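My notes follow the order in which I looked.

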Amino acid sequence: MLRTYYQKEMVPEECVGYSLSPKKPKLLLYLVQELGYEDHFPIFANWKPFEIEDFLIAHTESYVKSFFKGEGPLASSNGFEWNLSLASSVCFTNASLYHAIRDSFLLDEVTFSPTSGFHHAMPNRGSAFCTFSGQVIASVKLYRELGISGAYIDLDGHFGNSIEDTKSFLPEVKQAIPFNINPKGKHAAYIKDTKQTMELVLEEVAKNKIHYIVFCSGADSLVDDDLGGSVSIEEWLHLKEWMYREISRFDKGSKKFPSTISLFGGYRQDHFRSVLDAHLMDLLLCLKIRYGQELPYQSEYRRKGEGSFPLGG
């Protein structure tokens with residue numbers, strides 16, 4: 001099973017902007033329930049949202065206070081129209097990632113944080129649908145609390161700049177996150193680059209210098225996405241299968257090498273169900289490879305231009 005770190009407060013009641021990512025946690029978990037697979041994704045909700053002090057780890061006080069007070073233009077620098085519900089939701093989404101990673105390490109398990117909206121945020125503002133640097137906050141907190149370091153394998157279709165942009169603002173990031181992998185190229189070149197850089201991470205895992213891995217499973221790296229496009233759905237799933245098999249070499253029976261899956265981007269105005277479908281196939285792959293649980297699923301993924309699907313919920 002994949003312990004899922006979700007609370008309903010993670011999804012804002014209203015969210016005005018192009019991206020549907022803030023709604024994705026709820027929509028994806030609805031799909032899991034419809035399939036009757038909720039026992040394989042048990043929800044753990046006994047954790048507290050972040051407070052102001054947590055965001056100050058990776059951001060300036062002026063930005064944090066402006067955002068939570070709804071003061072423009074910083075309050076809308078993430079690309080969304082500010083509202084209290086959205087401001088509240090980021091306290092839960094950022095905390096979800098932190099608790100998922102923390103428990104993956106403490107419990108030797110694979111965990112799932114159905115979150116996005118982190119990897120473009122900068123110390124002094126939000127950017128491109130991202131409000132706060134959830135990766136930086138989570139990993140720096142864990143480095144300070146437990147002395148552990150992690151690697152991010154960012155398959156989102158857009159370079160995750162938040163980790164790099166925060167290094168001068170917060171030098172601890174270099175120790176907390178030695179690897180921020182963002183593959184380059186398209187198709188075969190993308191796959192080759194991912195595998196080569198992942199192998200470097202695995203070498204450090206073997207030396208016990210990397211204590212956990214976060215797989216940022218952005219579906220906007222798919223060629224069918226509105227805003228991305230590097231690999232086909234088949235190539236994407238092949239790559240995910242390869243990564244899960246490689247990291248499973250460090251599993252020891254019921255004890256799994258600490259790993260967390262997060263959602264990140266994915267934009268399909270014509271058929272948003274395909275975004276959810278890609279994420280679900282990824283999660284089912286992980287269950288199969290890491291836990292030996294193979295669940296049947298008839299994919300409803302559609303290639304670009306093959307029709308529309310009304311977004312419910």
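**Ground rules**

I am working with a predicted model, in which local features need pLDDT of at least 70 and side-chain atom pairs count only at pLDDT 80 or more, while totals for chains, interfaces and linings use all residues. Residues are numbered from 1 along each chain as its sequence is written, and side-chain values use heavy atoms, with hydrogens and water left out.

**Whole chain**

I looked up the secondary structure and found 10 helices and 7 strands in the protein chain. Helices (H or I, at least four residues) and strands (E, at least two) are DSSP runs numbered from the N terminus.

I then checked the overall dimensions. The C-alpha atoms of the protein chain fill a box of roughly 50 × 45 × 40 Å along the principal axes.

How much of the protein chain counts as buried? I noted 58% of the 313 residues. Buried means under 20% relative accessible area, exposed over 50%, and partly exposed in between, with a 1.4 Å probe and protein chains only.

The accessible surface of the protein chain comes to about 12600 Å², and 51% of this belongs to carbon and sulfur atoms. The areas come from the Shrake-Rupley method with a 1.4 Å probe, and for residues only the protein chains shown count as cover.

For contacts (heavy atoms within 4.5 Å), I took the pairs at least 6 apart in sequence, and 76% of them join residues at least 24 apart.

**Pockets and cavity**

I wrote down the terms before the values. On a 1 Å grid over the protein atoms alone, a cavity is a set of points where a 1.4 Å probe fits but cannot get out, a pocket is an open set with protein on both sides within 12 Å along at least five of seven lines, and lining residues have an atom within 4 Å of a point. Grid points are joined across faces, edges and corners, and a volume is the space filled by probe spheres set on the points.

The largest pocket holds about 340 Å³ of space. It is lined by 30 residues, with Ser21, Phe80, Ser116, Gly117 and Phe129 nearest its centre. Helix 4 (residues 84–107) gives the largest share of that lining, 5 residues. I counted the lining of the largest pocket by class as 15 nonpolar, 13 polar and 2 charged. Here Ala, Val, Leu, Ile, Met, Phe, Trp, Tyr, Cys and Pro are nonpolar, Asp, Glu, Lys and Arg are charged, and the others, Gly among them, are polar.

The second largest pocket has a volume of about 250 Å³. Its lining includes Asp108, Asn208, His211 and Lys252, and divides into 6 nonpolar, 2 polar and 4 charged residues.

Most residues other than glycine have a negative phi, and most peptide bonds are trans. I therefore listed what departs from this.

Glycine 72 and proline 73 are joined by a cis peptide bond, with omega about 0 degrees. Proline 73 sits in the loop between helix 3 and helix 4.

Aspartate 108 has a positive phi, near 55 degrees. It lies in the loop between helix 4 and strand 3 (110–113) and is partly exposed at 24% relative accessibility.

Asparagine 208 also has a positive phi, about 65 degrees. I placed it in the loop between helix 8 (188–206) and strand 6 (212–216), where asparagine 208 is exposed at 54%.

**Buried loop residues**

Tryptophan 47 is in the loop between strand 2 (43–44) and helix 2 (52–55). Its relative accessible area is 8%, so it counts as buried. Beyond four places in sequence, its contacts include Tyr5, Met10, Phe92 and His99.

Asparagine 161 is in the loop between strand 4 (150–154) and helix 6 (162–166) and is buried at 16%. Not counting residues up to four places away, it touches His119, His120, Ala121 and Met122.
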